[in-house]
Amino acid sequence: MLGSTRPGRNGEAVARWVYQLASKRNDVQFELIDIAEYNLPLLDEPVPPSMGQYGKEHTKRWAAKIAEFDGYVFVTAEYNHAPSGALKNALDYLYAEWNNKAAGFVGYGSAGGARAVEQLRLVAAELQLATVRAQVALSLFTDFENFSKFQPGTHHEPALNTMLDQLVAWSRALKSMREQSQLGTVYQS
Ligand SMILES: Cc1cc2nc3c(=O)[nH]c(=O)nc-3n(C[C@H](O)[C@H](O)[C@H](O)COP(=O)(O)O)c2cc1C
């Protein structure tokens with residue numbers, strides 16, 4: 001999932017790289033989701049998402065897309081030591097669609113997007129989205145020419161594969177758990 005919406009964003013090349021490498025796997029299928037294509041306004045649903053009463057067409061469209069998957073790779077920029085507002089907003093829009101699924105992260109920034117990823121892990125916990133340990137940390141200084149042309153170091157490819165291995169394992173385990181329980185639909189405050 002491409003989490004930045006800025007014109008000229010570096011995230012697009014990063015997300016394409018992740019998608020291309022992930023698509024080489026023959027055990028699972030991946031899709032590249034660009035949150036910019038969903039034109040989500042700042043959260044405008046009157047009822048909290050955890051109540052599962054989505055009223056707006058854009059929310060229903062976003063929920064239907066997210067519901068399709070067992071796990072997610074978040075490709076995140078770092079804005080002021082946090083993920084983009086657009087990505088946080090997209091996460092806030094939904095609840096049950098994230099529950100009891102798995103997530104992995106690919107961050108980029110001056111410190112590999114590490115601080116944005118740490119914040120996303122906290123948000124994911126509240127959404128009952130289980131985050132795997134392995135993550136990819138891309139440096140604006142060494143993985144981008146002139147801070148804009150993406151040229152990832154070769155060492156990031158095995159790191160990405162390790163993260164995907166963990167993500168696939170947890171996605172499968174949680175899929176099985178969802179199928180055997182009602183946990184995914186229960187609201188607990
Ligand atoms: C509003 C804003 C805040 C930023 N803050 C940080 C930051 O705290 N840490 C960092 O490593 N990079 C920061 N950057 C630089 C971004 O990492 C860099 O611009 C990156 O390419 C942003 O991702 P994008 O091109 O996909 O939007 C910031 C950039 C913007 C636009």
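Student: What should I know about the numbering and the pLDDT cut-offs?
Tutor: Residues are numbered from 1 along each chain as its sequence is written. In this predicted model, local features need pLDDT of at least 70 and side-chain atom pairs count only at pLDDT 80 or more, while totals for chains, interfaces and linings use all residues.

Student: Is Ser4 buried or exposed?
Tutor: Ser4 sits in the segment before α1 (11-22). A residue is buried with 20 or more other C-beta atoms within 10 Å of its own, exposed with 12 or fewer, and partly exposed in between, with C-beta atoms placed from the backbone. Ser4 has 24 C-beta neighbours inside 10 Å, so it counts as buried.

Student: How far apart in space are Ser4 and Ile35, C-alpha to C-alpha?
Tutor: Along the sequence, Ser4 and Ile35 are 31 residues apart. In space, their C-alpha to C-alpha distance is 7.6 Å.

Student: Which residues of helix α3 are buried, and why are they on the same side?
Tutor: Helices here are DSSP runs (H or I, at least four residues), and strands are too (E, at least two), numbered from the N terminus. The arc is taken from the directions from the helix axis to the C-beta atoms. In α3 (residues 85-92), the buried ones are Ala86, Leu87, Ala90 and Leu91. They share a side because they cover an arc of only 135° around the axis.

Student: What covers the buried residues of α3?
Tutor: Contact means C-beta atoms, placed from the backbone, within 7 Å. The cover includes β1 (71-76) and α4 (114-126).

Technical notes:
Two residues are in contact if their C-beta atoms, placed from the backbone, lie within 7 Å.
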